[in-house]
Amino acid sequence: MILTVTPNPSLDRTYEVPSLDRGEVIRATGERMDPGGKGVNVSRAVAAAGRRTVAVLPLGGAPGALVADLLHAQGIEVAPVPVAGATRSNIALAESDGVLTKINAPGPELAAAERELLLETVRRQSVDADWIACCGSLPRGLAPAWYAELVARAHSAGARIALDTSGPALLAALRERPDVVKPNAEELAEAVGRPLTTVGDAMKAAEELRELGARAVLASLGADGQLLVDGTGAWFGSARVDTVRSNVGAGDSSLAGFLIAGGSGPAALASAVAHGAAAVQLPGSVMPTPGDLDLAAVTVTGDVPVDRVLKEPVSVLKEPVS
Ligand SMILES: Nc1ncnc2c1ncn2[C@@H]1O[C@H](COP(=O)(O)OP(=O)(O)O)[C@@H](O)[C@H]1O
Ligand SMILES: O=P(O)(O)OC[C@H]1O[C@](O)(COP(=O)(O)O)[C@@H](O)[C@@H]1O
C-alpha cells in the first residue's frame with residue numbers, strides 16, 4: 001500500500017480562457033474541478049494504476065467536503081483530518097496558446113490539536129504502508145521542520161519515505177535521510193542556490209542533495225526528462241512527447257510511477273518517465289491508467305548526457321517563501 005500525506009490539499013479549479021488581459025472581465029470557455037495537492041495527485045495516480053493507496057489530508061469547510069466527495073467518486077480511500085479552517089481553492093488559468101498561470105492559496109492555519117491529529121492519523125495509517133509519500137507545501141501552523149519529524153517517525157516505524165516539497169521544508173528534512181526526494185528543476189536550483197543550465201548541472205545539484213542526506217534523488221526536468229541519482233549510480237530517462245496538453249500534476253504522476261515500480265533503480269525511473277509523459281498528454285491533472293503508458297517510448301541510460309543544455313534551464317532563482 002502507498003500512503004500519501006498532503007498537509008495542504010486543495011480544490012483545483014481550472015478555467016480555460018482565450019487569453020489573460022489584466023484588469024478586464026475574462027469569460028471562461030470551459031471549467032473543471034479536481035481534488036488537488038501533490039500527495040492527493042500521487043494517490044490518484046496510484047489508484048489509476050490499480051494499486052491500493054490511502055490519502056491522509058486535513059479537510060475543512062465546504063471545499064474540503066467537495067475534495068472528499070471527488071476523491072470517493074474516484075474510488076480513493078481517504079483518511080481525513082477534520083480541521084476548522086476551509087480547505088484552499090487553487091486556481092489555474094489555461095490560455096488557448098497553452099500557457100498556464102496558477103494561483104496557489106496559502107490554505108488554512110492548523111491549530112495545535114489539528115497538527116497532533118494529523119501526525120496521529122499518519123501513524124495509524126502507516127502500519128501496512130510500503131511507502132509514505134509526503135508531498136506539497138506546508139500550511140501555516142506547520143514549522144519548516146515538520147516533514148523532518150515525519151521522516152524520523154516513519155523510519156522508526158519501518159516505512160520508506162518519498163518526499164516532494166521545496167525550500168526550507170525540503171532542506172530541513174534531508175538530515176533525516178528520506179529514501180527519495182523528487183524536486184523539479186526549479187526546486188533543485190533553489191535548494192542548491194545555483195541556476196541550472198545543463199543536465200550535468202542538475203546531476204551535480206542532485207549529488208549535493210544526497211550529500212545533505214537524501215538517499216536517492218529523482219529530479220524531474222520537465223520536457224528534458226528525469227534524473228535518478230542514488231548510492232549506486234546515476235541514470236537519465238526521457239521520452240518523446242508530441243503534444244503537451246497539461247503539465248499540472250505531471251511530477252506527481254511521475255513520483256507515483258516511480259513508487260509503483262518499486263521506488264529504486266533504472267526500471268523505476270523508466271516507469272516515472274512513462275507516467276510523466278502520459279500525464280502531460282492528458283487534460284488538467286487527469287492521471288494516466290496503464291493503457292495510457294508507452295514504456296517503449298522511454299529511454300533510460302546510465303551514460304548521463306551531462307553536456308546537454310536543458311530545454312527549460314533555470315536561470316533565475318525563486319525567492320524562498322519562508
Ligand atoms: N513538456 C514536456 N514534454 C515531455 N514530458 C514532459 C513535459 N513536461 C513534463 N514532462 C514529463 O513529466 C515529468 C514531470 O514534470 P516536471 O515539470 O518536471 O515536474 P513538476 O510537475 O513536479 O513540476 C517530467 O520529468 C517529464 O517526464
Ligand atoms: O502544495 P503546493 O506547492 O501549493 O501545490 C499544490 C498544487 O500542486 C498540484 O498538486 C499540482 O502540482 P504541479 O503544480 O507540480 O503540477 C495541484 O493539484 C495543487 O493545486
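Mentor: pLDDT is the predictor's confidence in each residue, from 0 to 100. This is a predicted model, so start there.

Trainee: What pLDDT does the chain average?

Mentor: The general idea comes first. Where pLDDT is low, the predicted coordinates should not be read in detail. Here the chain averages a pLDDT of 95. A score of at least 70 is reached by 98% of the residues. For the complex, the predictor gives an ipTM of 0.97 and a pTM of 0.96.

Trainee: Which domains does the assignment give?

Mentor: Domain 1 covers 1-20 + 27-178, and domain 2 covers 184-316. Taken over C-alpha atoms, their centres are separated by 20 Å. The contact between them takes 32 residues from domain 1 and 25 residues from domain 2.

Trainee: Which elements supply the side of domain 1 that touches domain 2?

Mentor: At least two residues each come from strand 2, strand 3 (30-36), helix 1, strand 8 (131-135), strand 9 (160-164) and helix 5 (167-174). Helix 1 has the largest share, seven residues. By class, this side of domain 1 has 16 nonpolar, five polar and 11 charged residues.

Trainee: Now the ligands. How many residues surround ligand 2, and which are the closest?

Mentor: Ligand 2 is surrounded by 17 residues. The closest are Gly36, Asn90, Asn104, Gly136 and Ser137. Two or more residues of this shell come from each of strand 2 (10-17), helix 1 (38-48) and helix 8 (250-260). Helix 8 has the largest share, three residues.

Trainee: Which domains does the shell around ligand 2 draw on?

Mentor: Domain 1 and domain 2 each give at least three residues to the shell around ligand 2. By class, this shell divides into two nonpolar, 12 polar and three charged residues.

Trainee: And ligand 1: which residues are the closest?

Mentor: Asn184, Ser220, Ala223, Gly251 and Gly276 are the closest of the 17 residues that surround ligand 1. Helix 8 and helix 9 (265-280) each supply at least two residues of the shell. Helix 9 gives the most, with four residues. The shell around ligand 1 has eight nonpolar and nine polar residues, but no charged residues.

Trainee: What should the 16 residues of helix 9 span?

Mentor: The expected span is 1.5 Å times one less than the number of residues. For helix 9 that should be 22 Å. Its end C-alpha atoms are 23 Å apart, which agrees.

Trainee: How far apart are the end C-alpha atoms of helix 7?

Mentor: Helix 7 (residues 199-211) has 13 residues, and at 1.5 Å a residue they should span 18 Å. Gly213 follows helix 7 and has a positive phi, near 135°.

Trainee: One last residue. Is Gly231 buried or exposed?

Mentor: Count again, with the other cut-off: 12 or fewer neighbours make a residue exposed. Gly231 counts as exposed because it has 8 C-beta neighbours inside 10 Å. Gly231 is found in the loop between strand 13 (226-230) and strand 14 (233-239). The C-alpha atoms of Gly231 and Ala214 are separated by 9.8 Å. Along the chain, Gly231 and Ala214 are 17 residues apart.

Note on methods. Residues are numbered from 1 along each chain as its sequence is written. Chains are lettered from A and ligands numbered from 1 in the order in which they are written. This is a predicted model: local features need pLDDT of at least 70, side-chain atom pairs count only at pLDDT 80 or more; totals for chains, interfaces and linings use all residues. A residue is near a molecule or strand if its C-beta atom, placed from the backbone, lies within 6 Å of it. Ala, Val, Leu, Ile, Met, Phe, Trp, Tyr, Cys and Pro count as nonpolar, Asp, Glu, Lys and Arg as charged, and the others, Gly among them, as polar. Domain bounds come from an automatic or database domain assignment. Two residues are in contact if their C-beta atoms, placed from the backbone, lie within 7 Å. A residue is buried if 20 or more other C-beta atoms lie within 10 Å of its own, exposed if 12 or fewer, and partly exposed in between; C-beta atoms are placed from the backbone.
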